[in-house]
Amino acid sequence: GEKSDGWTTNATDGKKNPQAHTWGTRLGARWSPSDATSVVLTWEHEDLNERPRPIWAAGSTNPDGSVTYVDPRHEPLRNDVIGGVESRLFNGVNLRIEQDLGNRLSFTSTTGWRHFNSTNLEDNDGTDNPATYLATGNFEKSTTFEQEFRLNGKNRTADWLVGASFSSEHSAQLSRVDTNTTTLDPVL
């Protein structure tokens with residue numbers, strides 16, 4: 001696991017950025033019901049939950065049209081994204097069965113399932129000015145399933161392998177831009 005209290009304070013909400021609370025684990029179990037059979041089951045888990053990366057405005061335009069650039073090392077962070085977060089929740093399970101069939105033959109079955117949800121919602125204008133509110137969001141989810149069967153063997157002239165596999169993935173992604181009419185009016 002990892003925990004970070006952030007290295008800068010957002011002047012808009014008083015929270016530290018980019019706070020991180022992440023942990024993951026991987027567990028495995030092996031079972032051998034006979035000398036010829038091996039079964040291995042593994043589970044992976046990751047839980048990432050942190051505040052989004054901080055964004056500073058690059059500068060501002062002066063009344064005469066010139067630009068004053070900002071050094072973020074000396075300027076307060078002013079992010080106003082609503083619900084800002086970077087998160088990912090992942091789980092995966094894998095089952096591998098190996099069977100020695102004798103006569104230099106072996107059979108292997110590998111089954112895998114993985115699923116994750118992720119969210120990335122962050123400020124993009126680097127200010128807390130409602131007239132320039134701009135935030136982006138990326139929301140993803142994915143579930144995959146994989147199955148493989150393999151038969152392999154050896155003889156005096158060759159090592160050989162024959163197999164079949166199947167894979168299925170169902171994914172969705174939504175990208176979003178958040179703004180308001182106060183921001184859009186001057187643009188239009």
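The model is predicted: local features need pLDDT of at least 70, side-chain atom pairs count only at pLDDT 80 or more, and totals for chains, interfaces and linings use all residues. Residues are numbered from 1 along each chain as its sequence is written, and side-chain values use heavy atoms, with hydrogens and water left out.

The protein chain holds 11 strands and 1 helix. These are DSSP runs, numbered from the N terminus: H or I over at least four residues for helices, E over at least two for strands. In sequence order the pattern is β-β-β-β-β-β-β-β-β-β-β-α. The radius of gyration, 26 Å, is well over the 16 Å that the globule rule gives for 188 residues, so the chain is more spread out than a compact globule. That radius is taken over C-alpha atoms, and the rule is 2.2 Å times the number of residues to the power 0.38. Along its principal axes the C-alpha trace spans about 85 × 35 × 30 Å. Of the 188 residues, 24% count as buried, meaning under 20% relative accessible area (1.4 Å probe, protein chains only).

Now the strand pairing. Two strands pair if DSSP finds at least two bridges between them. Ser87 stands opposite Thr119 in β9. The hairpin of β8 and β9 has 2 residues between the strands, and Asn103 takes a positive phi near 50 degrees there.

Conventions: Buried means under 20% relative accessible area, exposed over 50%, partly exposed in between (1.4 Å probe, protein chains only).
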